[in-house]
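Subject: Structure for you to look at

Hello,

Here is the structure I said I would pass on. Please open it first, then read my notes below with it on the screen.

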Amino acid sequence: MDRLFLLIGALSAGISVAAGAFGAHALRARVEPRLLEVFETGARYQMYHALALIAVAWVVSRAPSTVGTAAGWLFLAGTLLFSGSLYAMTFTGIRALGAITPLGGVCFIAGWVCLALASRQP
């Protein structure tokens with residue numbers, strides 16, 4: 001499981017860098033400034049949680065646990081829901097997609113709680 005989370009985290013970090021560059025260069029002239037901010041928020045949170053996935057890989061490699069594994073899956077789900085909804089909102093202009101974003105935020109918070117609990121495992 002640790003290698004899977006390391007792989008997903010590394011790929012997600014690379015995608016985040018690409019998204020940030022795309023936003024800074026290709027989107028700047030194509031979307032309104034508010035939507036560009038939304039896109040940048042998605043890329044920023046994707047990077048934070050890509051690094052969190054790498055931390056999960058480290059924790060799970062040292063002390064495998066169900067709660068540590070749950071943290072990884074929650075970070076992945078959070079990235080898909082939070083960043084994914086912000087990316088989709090930027091490209092489509094459908095602001096209702098923003099209703100999905102808080103679900104991703106809840107996954108992120110739950111993932112951090114699980115990671116904290118995993119640190120307490122023997």
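The protein chain has four helices and zero strands; helices (H or I, at least four residues) and strands (E, at least two) are DSSP runs, numbered from the N terminus. Read along the sequence, the pattern is α-α-α-α. The radius of gyration of the chain is 15 Å, close to the 14 Å that the globule rule gives for 122 residues, so the chain is as compact as a globular protein of that length. That radius is taken over C-alpha atoms, and the rule is 2.2 Å times the number of residues to the power 0.38.

Two notes on the source. This is a predicted model, in which local features need pLDDT of at least 70 and side-chain atom pairs count only at pLDDT 80 or more, while totals for chains, interfaces and linings use all residues. Residues are numbered from 1 along each chain as its sequence is written, and side-chain values use heavy atoms, with hydrogens and water left out.

The C-alpha trace spans about 50 × 25 × 15 Å along its principal axes. Of the 122 residues, 42% count as buried, where buried means under 20% relative accessible area, exposed over 50% and partly exposed in between (1.4 Å probe, protein chains only). Among contacts with a separation of 6 or more, 73% come from residues 24 or more positions apart; contact means heavy atoms within 4.5 Å.

H1 has 26 residues, which should span 38 Å at 1.5 Å a residue; its end C-alpha atoms are 35 Å apart, which agrees. The expected span of a helix is 1.5 Å times one less than its number of residues. The buried residues of H1 include Phe5, Ile8, Ser12 and Leu27, and what covers the buried residues of H1 includes H2 and H3.

H4 (residues 101–118) has 18 residues and reaches 26 Å from its first C-alpha to its last, close to the 26 Å expected. Among its buried residues are Thr101, Cys107, Phe108, Cys114 and Ala118. The buried residues of H4 pack against H2 and H3.

Serine 65 lies in the loop between H2 and H3 and is buried, with a relative accessible area of 13%. Not counting residues up to four places away in sequence, serine 65 touches Ala118 and Gln121.

Serine 83 lies in helix H3 and is buried too, with a relative accessible area of 1%. Leaving aside neighbours within four places in sequence, serine 83 is in contact with Gly42, Tyr45, Gln46 and Gly78. Serine 83 and threonine 101 are 18 residues apart in sequence and 7.4 Å apart in space, C-alpha to C-alpha.

Which helices line the largest pocket? H1 (2–27), H2 (33–62) and H3 (66–92) each supply at least two residues, and H3 gives the most, with six. Serine 83 is one of the lining residues, as are Ile8, Ser12 and Gln46. The lining divides into seven nonpolar, five polar and no charged residues; Ala, Val, Leu, Ile, Met, Phe, Trp, Tyr, Cys and Pro count as nonpolar, Asp, Glu, Lys and Arg as charged, and the others, Gly among them, as polar.

The volume of the largest pocket is about 160 Å³. On a 1 Å grid over the protein atoms alone, a pocket is an open set of points where a 1.4 Å probe fits, with protein on both sides within 12 Å along at least five of seven lines; lining residues have an atom within 4 Å of a point. Grid points are joined across faces, edges and corners, and a volume is the space filled by probe spheres set on the points.

Regards
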